[in-house]
Amino acid sequence: MYIKVKPNEDYELLNAIRAVLRGVELDAKEVSGVPMESIKELVDILKKCHFGVIFFGMGLTQTLSHHRNIDSAICLVRELNDHTKFLLTPMRGHYNVAGANQVFTWNTGYAYSIDFSREYARYNPGEFSSVDLLMKDEVDAILVVASDPASNFPAGAVKNMFKHPIIAIEPHHTPTSVYADVILPPAFAGIECEGTAYRMDKVPLRLRKVKDAPDDCLPDKEILERLLEKVKEKMGE
Amino acid sequence: MAEVKLKLKKKTKFPLEADTITPDNFAGKTLNEIKKLPLYHAKELVTIGDFFDVSGKAEDIANTKIIIDGDVSNVKRIGEKMTGGEVIINSDVGMHVGNTMYGGKIIVKGNADDWAGAMLQGGELEIEGNAGHYVGSAYRGFWQGMKNGVIRVKGKVGNESMLWAKSSKPANKWPTLYCGSANSFLGLHNHGGTMVVEGDVDRCIGADQVRGTIVIKGKISRLLPSFKKIDDVTEITLPNGEVITGKFAQYSGDHSVSKETAGRLYIAIK
């Protein structure tokens with residue numbers, strides 16, 4: 001079954017699916033360009049399956065309603081579990097995003113947007129997330145680890161980012177590393193050094209070394225550990 | 001009423017976290033003691049005296065009025081958890097103004113940033129300009145947001161205001177928001193909150209509302225499909241006893257949460 005949804009109207013469709021699942025007769029004849037018969041047919045399929053999984057990606061999280069689409073999808077999965085077994089899994093956009101989230105979560109309790117300025121972890125996307133901090137120009141130095149904010153972040157944030165010194169731990173040639181003041185090229189995990197990556201469904205995978213790293217490239221972990229040592233020395237700890 | 005005047009010496013680049021600026025903390029203290037109260041400037045622990053000129057006199061909580069001058073648009077958490085007294089802010093103000101406050105009154109003469117009056121437990125918050133996103137909302141991870149009190153915003157409120165508002169009939173607690181206009185997702189996951197909007201609103205109003213009342217006197221850009229029209233009414237009685245007259249279409253919803261719902265959405269008929 002193929003359902004074509006009008007752009008930016010995902011929330012409305014999820015909302016209608018949940019209402020139909022509750023057994024409500026809706027007034028609307030079509031929702032987000034999808035006729036009511038198709039929605040009823042879809043709900044029927046969802047209810048009758050033995051084990052269902054909703055996979056979602058950036059098509060849902062980066063359009064209008066953003067995280068609220070997922071809020072609604074979570075509610076849908078919760079309700080579907082009254083009828084059958086259902087799961088929800090995010091499809092991550094880049095390599096090992098799940099890994100960063102996992103490690104943050106078992107260290108601090110939060111997956112991202114963590115602030116340590118008061119010496120305990122605080123979580124508040126919209127206040128402590130990197131885009132918001134850059135948009136409000138509340139930073140004075142930036143450490144980028146294995147990421148490319150210059151090509152992914154909004155223009156305003158990138159403009160503010162380039163005002164300040166940037167340190168990039170990055171083996172590739174990217175817009176961020178081109179403008180970085182200091183580049184620390186690490187060894188590739190899984191090729192030039194050992195490491196662990198998390199699969200999209202949060203299963204950790206051990207990565208093995210295949211060949212030696214060129215010159216004196218260090219693994220990311222060692223670079224960060226040595227930086228931390230120097231910072232502690234400077235702070236007198 | 002005793003007045004304590006604070007004047008910001010110079011606008012800072014990094015935000016100040018001023019959760020100590022409340023009548024509760026100032027009550028019964030001398031000016032020197034007030035000057036020594038802690039603030040956070042980025043990650044440094046500083047004092048009120050470092051950043052503000054302090055004058056006036058403080059009494060007990062209920063009789064202390066704090067007047068804040070200078071551009072405090074970068075000062076966060078003013079009036080956090082206050083239980084009484086009054087705070088008057090004569091300019092724009094930063095995030096989290098009056099969050100989790102239990103009583104008293106805050107008046108903002110300019111605009112407020114995000115999370116104004118978040119998780120309000122009582123008292124009154126008045127904003128004469130516009131407010132940012134998440135006005136009177138629950139913080140992330142909380143299943144109960146604003147539980148009592150009134151927020152009045154003359155201008156516009158941002159996205160996702162009044163998230164998880166929760167009323168209590170036995171305790172006679174009715175969290176209420178009055179605003180000029182609103183952006184999308186007003187009253188998301190509403191559990192009894194009351195919202196009165198004088199002007200227009202954006203999309204997804206009252207999404208996942210279990211119970212509560214939302215009155216819109218202007219236009220709505222897009223109504224959710226899970227709301228069902230009941231009838232037309234000419235008089236609405238809000239849970240706090242206030243009566244609003246005018247021609248309104250009455251909708252029940254959000255039906256995506258349950259088949260029968262006590263949630264009501266009223267939209268003016270022009």
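Here are some notes on the predicted model of chains A and B, point by point.

1. Chain A puts 38 residues into the contact and chain B puts in 41. Between them the two chains bury about 3,100 Å², and 46% of that area sits on carbon and sulfur atoms. On the chain B side, B:Arg140, B:Pro225 and B:Ser256 lose the most area to chain A; together they make up 18% of what that side buries. If you wonder what that area stands for: the size of an interface is often given as the accessible area lost when the parts come together.

2. How many salt bridges does the rule find across the interface of chain B and chain A? The count is eleven. One to look up on screen is A:Arg18 with B:Asp208, where the closest N and O atoms are 2.9 Å apart.

3. Chain A has a nonpolar surface patch worth a look. Six residues make it, namely A:Leu143, A:Val145, A:Ile167, A:Val182, A:Leu224 and A:Leu227, and the patch covers about 410 Å². Two elements of chain A give two or more residues to it: β7 (142–145) and α10 (220–235). Take A:Leu143, which sits in strand β7 of chain A. Buried or exposed, or something in between? A:Leu143 has 43% relative accessibility, so it is partly exposed, as that class lies between 20% and 50%.

4. Two alanines in chain A loops make a handy pair to check. A:Ala189 is in the loop between β9 (182–183) and β10 (195–198) of chain A, and at 35% relative accessibility it counts as partly exposed. Leaving out residues up to four places away in sequence, A:Ala189 touches A:Glu194 and A:Leu207. Its C-alpha atom is 8.4 Å from that of A:Asp220, a residue 31 places away along the chain.

5. The other alanine is A:Ala111, in the loop between α5 (97–108) and β5 (114–115) of chain A. A:Ala111 is partly exposed too, with 24% relative accessibility. Which residues does A:Ala111 touch, not counting those up to four places away in sequence? They are A:Asn101, A:Phe104 and A:Thr105. With A:Asn101 the C-alpha to C-alpha distance is 4.6 Å, across ten residues of sequence.

6. Over in chain B, have a look at B:Ser167. This serine is in the loop between β11 (150–157) and β12 (176–182) of chain B, and it is buried because its relative accessible area is 7%. Its side chain reaches the backbone oxygen of B:Gly192 at 3.5 Å. Setting aside neighbours within four places in sequence, B:Ser167 is in contact with B:Lys173, B:Trp174, B:Pro175, B:His191, B:Gly192 and B:Arg211.

7. You will find B:Thr22 between β2 (16–17) and α1 (23–26) of chain B. Beyond its neighbours within four places in sequence, B:Thr22 is in contact with B:Ile66, B:Gly79, B:Glu80 and B:Met82.

8. Which two residues does a cis peptide bond join? They are B:Gly253 and B:Asp254, with omega at about 15°. B:Asp254 belongs to the loop between β16 (243–252) and β17 (262–268) of chain B.

9. Positive phi values come up as well. B:Trp115 has phi near 60°, a positive value in a residue other than glycine. This tryptophan is in the loop between β9 (105–108) and β10 (124–127) of chain B, and at 0% relative accessibility it counts as buried. For B:Phe185, phi is likewise near 60° and positive in a residue other than glycine. B:Phe185 lies in the loop between β12 and β13 (191–197) of chain B, and its relative accessible area of 2% makes it buried.

Key: Residues numbered from 1 in each chain as written. Chains lettered and ligands numbered in written order. Predicted model: local features only at pLDDT ≥ 70, side-chain atom pairs only at ≥ 80, totals over all residues. Heavy atoms only, no water. Patch = residues over 30% accessible without salt bridge, like charges linked within 9 Å, V, L, I, M, F, W, Y side chains within 5 Å. Areas by Shrake-Rupley, 256 points an atom, 1.4 Å probe, with all protein chains shown as cover. Salt bridge = Lys/Arg side-chain N within 4 Å of Asp/Glu carboxyl O. Helix = DSSP H or I, 4+ residues; strand = E, 2+ residues; numbered from the N terminus. Buried < 20%, exposed > 50% of the residue type's maximum accessible area, 1.4 Å probe, protein only. Contact = heavy atoms within 4.5 Å. Buried area = accessible area lost by both parts, 1.4 Å probe. Polar contact = N/O pair within 3.5 Å; in protein donor to acceptor, adjacent residues only side chain to side chain.
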